Amino acid sequence: MTDYLRSILRSALNQFDLPEEDLPDIQIEKPNQPDHGDSASNIALNLASVLNTNPRSIAEKIVQELEYDPKKIKAVEIAGPGFINFRYAEDYLYDELQLVLNQSRDFGKTGTLSGKRILIEFVSANPTGPLTVGHGRNAVLGDTVARLLEWTGAEVDREYYFNNAGRQMRILGQSVRARYLQELGEEAALPDDGYEGEYIREIARALVEEHGDSLVRSGGITVFKEKAEQLIFEEIQATLQRMNIKMDSFFNEQEVYDDGSIERAIETFREKDLAYDKDGATWFRTTRFGKDKDTVLIKSSGEPTYRLPDIAYHANKLDRGYDQCIDVFGADHIDTYPDVLSGIEALGYDRSRVDVIVYQFVTIVKEGKPFKMSTRKANFITLDELMDEVGSDITRFFFLMRAPNTHLEFDVAEAKTEGEKNPVFYLQYAHARIHSILRKVEQEYRLEGAPDLERLTHESEKKLIKSIIRFPQMIQSAAESREPHRLINYLDNLASHFTSFYHDCRILGEDEQLMQARTALAKATARVLANGLTILGISAPDQM
């Protein structure tokens with residue numbers, strides 16, 4: 001319906017004879033008050049400054065010129081200062097409900113981004129330890145945005161970017177070597193800032209089992225570092241799989257050093273007078289891109305800051321032919337990722353092809369108190385431990401409940417609450433309850449022929465239909481905004497509408513035609529709940 005409303009409004013705007021660039025976007029939204037109709041547009045208000053005219057008089061002119069199908073639109077009204085409100089026709093509701101029943105598992109999918117290739121880079125934790133709850137929001141957010149984009153027709157690849165070199169990995173190797181020696185009764189101390197987790201001892205034990213004491217006299221750390229990387233990555237991938245996440249590719253930062261991308265980037269910057277040397281370091285003229293200060297790309301020690309390989313990596317992604325690259329970053333990147341965007345612009349790429357999702361961090365609350373985490377000091381909660389305690393469905397759901405740009409407090413006690421007070425169970429129970437009703441119908445009746453959906457005339461029935469058919473629009477909105485919590489809010493609202501419908505409208509015990517129509521409405525509701533939960537990466541059980 002949204003596309004249809006935009007098309008008839010655009011036709012009505014021709015009367016103003018405005019150039020295309022002066023026409024504002026035609027926004028269609030659901031009114032806050034149900035009494036105001038089913039859809040609304042503020043186009044008249046947005047045109048007021050362009051036409052220098054009262055918005056209500058503009059709305060009147062638009063409505064006068066509107067040509068619409070009465071089988072789709074029952075009424076068009078003007079409200080307030082100039083909002084144009086639309087009321088759907090009953091025929092449209094029944095036709096759309098039938099479409100839901102026909103499309104079933106595919107209902108909600110659109111071709112909006114058909115033909116577009118999108119790469120989403122997320123998680124991207126270096127292999128220095130198991131994934132913690134600190135990585136969980138990143139992982140679930142990235143995967144769910146990927147699912148939303150796939151439902152809008154895009155071809156999406158999920159990529160994990162990592163660095164297995166540098167100081168962190170060196171300390172990891174040294175930590176494993178120290179624990180290996182200790183396992184064999186040798187004197188050994190952890191390095192400064194060494195990794196203290198039990199997982200380090202487990203890696204050391206694996207090396208003892210594989211090599212015995214043959215590595216005791218080895219002065220290097222390569223074998224220790226490589227074993228740690230191997231086992232940690234195996235655990236990371238198992239954790240992601242448990243969360244219903246599968247990466248399509250892994251990209252090692254070392255590749256942009258080996259293929260010369262780093263040198264080519266610096267050379268290009270120098271050619272464009274965007275890089276210079278000062279105090280032994282190499283600087284990037286980020287002041288040319290609106291920043292207050294220039295930025296160091298290579299330290300005086302000769303070690304690049306992370307911005308330089310990140311710039312080369314993004315160039316690599318765009319060179320692979322993706323129409324858009326999406327990064328999922330924590331709030332600690334909010335001041336630094338613009339430098340990467342400036343870098344790829346300096347290399348000649350369109351920076352608008354890179355989109356960044358910045359999310360706020362997560363606080364785990366246990367027994368009413370925040371739980372502080374540190375990977376090195378080993379007082380962290382791993383994602384596996386969290387899933388052991390509350391389950392993978394609840395873990396995913398709670399990470400998605402809030403807008404990415406808001407702080408998330410993950411209350412373990414709330415997550416473990418049983419029954420419909422738990423927001424995850426509320427949706428799953430709604431789906432299971434509908435299937436319980438459908439099983440009773442199948443046991444007592446033999447349904448034949450197509451249901452007469454025009455029997456659905458009760459106000460609760462129509463409200464539920466309107467809620468159901470908004471599903472594709474909601475997916476589109478959540479995909480465009482990169483905000484999966486919008487889908488959760490929608491599904492919660494849908495489940496509430498079904499509860500009202502089931503309270504007001506009996507299914508069993510009515511005449512057969514009405515019972516069959518209401519059964520079809522229940523099936524459509526269950527299908528949308530199941531499709532929505534699938535996008536969220538959460539199971540939709542038929543019974544609980």
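This report covers selected local features of a predicted model.

## Basis of the values

Residues are numbered from 1 along each chain as its sequence is written, and side-chain values use heavy atoms, with hydrogens and water left out. Because the model is predicted, local features need pLDDT of at least 70 and side-chain atom pairs count only at pLDDT 80 or more, while totals for chains, interfaces and linings use all residues.

Two strands pair if DSSP finds at least two bridges between them. Three bridges join β9 to β10, and Phe284 has Thr295 in β10 as its bridge partner.

Asp279 lies in the loop between β8 (275-278) and β9 (281-284), and has a positive phi of about 55 degrees although it is not a glycine. Asp279 counts as exposed, at 64% relative accessibility, where exposed means over 50% relative accessible area, buried under 20% and partly exposed in between, with a 1.4 Å probe and protein chains only. Asn244, in the loop between α8 (222-242) and β7 (249-252), also has a positive phi, near 70 degrees, and is partly exposed at 42%.

## Aromatic pairs

The structure holds 21 aromatic pairs. Rings of Phe, Tyr and Trp (its six-membered ring) pair if their centres lie within 6.5 Å, and planes under 30 degrees apart count as stacked, over 60 as edge-to-face and the rest as tilted. Tyr276 and Trp283 form a stacked pair, 6.4 Å centre to centre with 10 degrees between the planes, and both residues are buried.

Phe498 and Tyr502 are also stacked, at 5.9 Å centre to centre and 10 degrees between the planes; both lie in helix α19 (residues 485-504), four residues apart, about one turn of the helix. Phe498 is buried at 1% relative accessibility, whereas Tyr502 is partly exposed at 36%.

## A buried loop residue

Leu66, in the loop between α3 (55-65) and β3 (73-79), is buried, with a relative accessible area of 9%. Leaving aside neighbours within four places in sequence, Leu66 is in contact (heavy atoms within 4.5 Å) with Ile8, Leu9, Ala12, Val76 and Phe86.

Technical notes: Helix = DSSP H or I, 4+ residues; strand = E, 2+ residues; numbered from the N terminus.
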